[in-house]
Amino acid sequence: MFTLEYLMGFVATAIINGTPLLFGAVGEILTEKSGNLNLGIPGIMYIGGISGIIGGFLYEHACETAGITPIPILCIIVALLASLLGSTLIALVYSFLTITLKANQNVVGLALTTLGVGLGDFYGGSLLSFFGKDGSIYLEATSKAFKEKIPFLSDSLGLFGQTFFSFGFLVYVAVIIAVIVHFFLKKTRVGLNLRAVGENPATADAAGINVNLYKYLATCIGGAIAGLGGLYFVMDYSVGGWTNGGFGDRGWLAIAIVIFALWRPNTAILSSYIFGGLYVASSYIMGLSGSEKEIIKMLPYIVTIIVLVFVSARKKREHQPPASLGLSYFREER
Amino acid sequence: MNNVAIELRGITKCFGSVVANSNVNLKVYKGEILSLLGENGSGKTTLMNMISGIYHPDQGHILVNGKEVVINSPHDAFEYKIGMIHQHFKLVDLFSAAENVVLGLDGEGRFKLDEIEKQVLEISNKYGFNIDPKKKIYDMSVSEKQTVEIIKVLYRGADILILDEPTAVLTPQETQKLFDILRRMRADGKAIIIITHKLHEVLELSDKVAVLRRGEYIGTVNTAEATEESLTEMMVGKKVELNINRPEPVNPTERLRVMNIDCKNRDGVKLLDNVSFSVNAGEILGIAGIAGSGQRELLEAIAGLQKLDSGSIIYNNPKTGAEEELRDKSPLQIRELGVRLSFVPEDRLGMGLVGNMGVVDNMMLRSYRRGKSIFLERKGPTELANRIIQELEVVTPSAETPVRRLSGGNVQKVLLGREISSSPTLLMAAYPVRGLDINSSYLIYDLLNEQKKKGVAVIFVGEDLDVLIDLCDKILVIGGGCVSDVIDARSTTKNEIGYLMTNTKKGRRASDE
Amino acid sequence: MNNAEKKPRTKREPLIYITKRSDLSLKKSLLIRAAVILGGILCCAIITMLLTGVNPINVFGSIINGSFGTPGKLWNLLQAAAILLGISVAVTPAFKMRFWNTGAEGQVLIGMLASVACMFYLKDSMPSFVTIIIMLVASTVAGALWAGIPGFFKAIWNTNETLFTLMMNYVAMQLVSFFLLFWDPSHGYLNPLNSDTKNGWLPTLFGRKQLIIILIVAVITALVYVYLKRSKQGYEISVVGESENTARYIGINVKKVVIRTVLISGALCGVMGWLLVSGNSHTVSTTLVGGNGFTAIMVSWMSKFNPIIMVFSSLLVCFLQRGAGQIASDLGTEMPGASNIGDVLTGIMILFVVASEFFVSYDVHFRRRTEKADKEVEKNVHA
């Protein structure tokens, strides 16, 4: 039953399912390190996905009208830029409201999630109708470009190559970004300053750090990274299509991973794959009834809760959420 | 060559209608230690905050190395090589010493922590610190944290160092070590300003002393020409006659006895150190001391809000004659014992009252539990609120207006009025006239005297020595968590109290060594 | 040591600075808020126009038609508003205490599940009103439990309640999925239970199914209003929420109040779950709460935790959503995605209201160092 192929197949699926989570988690970690608890991440991921779809669609549509074949690299560039633009804009709205206007972070985040999901599903359903078309979106060329395998490695290394080098490039980008963010937070001055902003903004301020600028940048860049998770989901996972609600609760799962990984981007890589694995594990374990599968799907959340409780009980300083998480910073000037 | 490191000319700063600094002039030379001396609220910290970029002066000029500068932020201050070591450390607990030292500095994007650690050790060795650059702040003692703060400003190349009450949190041994370090820095050509209340430290360490009193600049003298007496007089000024009425105590009997109480903070520093005293019914006991010497902890310990490590607090119930132990009891348990304790805390809107509630709702804080009903009884509190508003002449649009919108004096009337209304047998008031105008202050004195005449034991924590001398019967002087002495208010002088405040047993022990 | 060589620049003082307002007249603050709501509605209309191409007059026409067009539409609007209001009121006690409960969605859902389980197993073995009472008790306990677990850990270990309650939502959803598949292994779908006997169904009053829901929510709203404003426990909640220091000063056991309040809040969410099942759906699915749990948090917040204001806030939100629904059905297959405009408009409206709080609580100043300002300083110094 459990052959090596079967196991490798599971690992590959876990990675595919874990990748959107990894983008979301790393984006949220970067954001939370600045003290902003962005509960708008699920909405931002939706926006990242739909913006990519819109960009890709406009490009493919233009090519179609002009009667030329879409160029793969342009497909990628257009969709990528559109996605980054969309998610950064939403993150900017969050930043403006919570940092400049000092609005409550939870409320703004939840409102943005509502807004983002609404906008995503709106365009997902209506984009074609703007161009007088019926049916549902299917971006063949763009999706194909995003799913392109690594040419040499994927078929020369046997099963290993098939498992680990057959993904679209965004899977590797996710890992690279996670490693870069890890390195950035640990080893650079700016990363150190950012962590100080999230821990103790008053101290950071006194040390001459521009607290608001750091918060803005971390939140917007974090949003852009999270948006890529949405882009990966629509272009690679859903093969260039859009289903209303298809993204599901992945955005919240990404926030769960932030806790599970104890706010560490490097730990988030494996955590995302584990969560991705748990997300699909039910289909890979033989002989489970439908209801038992749902219990397995509950595991990521249960595990996260246990980690959250355990960490708060042990009170180890390094494992706590950033100390100023959820609070807005205000220095009264007289 | 011009040797003036920093010069202040005519600096004035107001907060609303309160003048914090008025026309202050100050000059500090390179290779010199200047002490900035003054009582609480004399404007020392405000002045220094203007140099370090936290506040902007309303008027006046700041000159660094002879050139006029505008300092908008702490970052600007660094650029002018000014470094401030705040009383409350500005460190990130989760970071190591070295990480805190480089925080906020520009430089190459990637930094090598081990190199910075090496540089920290270099500075450390140069001036004789003893610090492990890898150690996390949350594992450090207070004195280690202070060391990190000092290294932080040195690492930034500060030539002008400002230390805000650096010895307040240190043991005598640690203080001596700090002074050695400061002397070494002076020899290195740095200009150092040290804010302090402790006269013996001023005399021991500094070259010059500048004195502020109530925001006014009194003058600068050479330490060599100063004595403790002359400095105390500059600091406290001449005795001002206040004409506060002081009735004679009638039949004083002991109401509260505090015996050998101790308490420590989280870092293990003693906040109260073997404190013993007693309070009599029909008397006002004043408590004098530099801010943060343990006054707050003492009152909160009596009110059941501060856990004690040892000692005992005995209350003599005038009705039953029973002696009750108050230590380790919650405020509610103390109440249930029949102890009629009223407490006007220092933090009026953060503790004594709820700022967003009106006068009526604030009256209910003490009384809402009354009765068996699950609903609030609002009639009594409304009557009480209206009575207090009327009798104490509280200026408020209505009894429902949030009290945070009232002026400081009116807030205090509401709080004190409520606390008195429960006819206490023991009344504790912490800084009840702070920030109040003259008329409101006298009203508060009258209220306290009225309670005294009724046979209430009153504890009055104050900062204005003139008031303490004129209002109280006895004055307990506290310093560094220890009782310096309990003196008779009728025969003492301002200088005596000032001397006791600034020469605590701890401090004296240190300078004797 | 590093940047010591950098030359100091001449600096100007910042032009704009912000202070906390100490005082703002009621009139002015109401004016700000009214302006913001009008601005929000206008912005919603513009966005709708941009998204759908419908002209603004028609947008308003559709919104009004969708909400009040027929008695049926009006009743549906009222029911939707009542459900949103009920959940908003339910989360309020915890919010007022500054316990950031983001788990209302899950607490309502688990309440629904409990009621449905009762109906599923009891069928018509008992008289309908007994079933209803058993359902009510089960839902209340389930909701209280769902909120109580995070509340308990918050009280003893200060575990982050925002993240904890958020996760609990999805545990609840998976539990619902689990039971649906457990009860119906082939489809995982449950038709309304007892459709024939109506056992466990709330009665239809005056021919309107919605009426009983509206009435019960009105009662809950009134009770919570009285509880928060007039009861001793409500008073304790306000004190703990405003200042834990004051609470300790007057001898309130803060942990006890936290746990008690969170239990009450969760229980009320459970009751709303019961009401949804017994009064409306008679079944459960993971989407039946429909995001109301999250929207309720925002409604409670934008109403400043006042149940009476929540009546209007939830009406406003449902008004926008219903109106958007009407626009969508007007457009029909022309624009299949238009049904989602409701979420977009809700989001925008809430962002507007939240942003307005800034102007209510902060004052923006422009710094001018003029002679007049100098004179003022002068005056103070000599005073």
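1. From the N terminus on, chain A of this predicted model runs α-α-α-α-α-α-α-α-α-α-α-α-α-α, with 14 helices and zero strands. Helices (H or I, at least four residues) and strands (E, at least two) are DSSP runs, numbered from the N terminus.

2. For 334 residues, a compact globule would have a radius of gyration near 20 Å, and the 20 Å of chain A agrees with this. The radius is taken over C-alpha atoms, and the globule rule is 2.2 Å times the number of residues to the power 0.38. The C-alpha trace of chain A spans about 65 × 50 × 40 Å along its principal axes.

3. Of the contacts in chain A with a separation of 6 or more, 77% join residues 24 or more positions apart; contact means heavy atoms within 4.5 Å.

4. In chain B, helix 4 (residues 113-127) buries I116(B), E117(B), V120(B), I123(B), S124(B) and Y127(B). These residues lie on the same side of helix 4 of chain B, because they cover an arc of only 120° around the axis (the arc of the directions from the helix axis to the C-beta atoms). On the other side, D114(B), K118(B), E122(B), N125(B) and K126(B) are exposed. Buried means under 20% relative accessible area, exposed over 50%, and partly exposed in between (1.4 Å probe, protein chains only).

5. Helix 4 of chain B is followed by G128(B), whose phi is positive, near 85°.

6. Residues are numbered from 1 along each chain as its sequence is written, and chains are lettered from A and ligands numbered from 1 in the order in which they are written. Local features need pLDDT of at least 70, side-chain atom pairs count only at pLDDT 80 or more, and totals for chains, interfaces and linings use all residues, while side-chain values use heavy atoms, with hydrogens and water left out.
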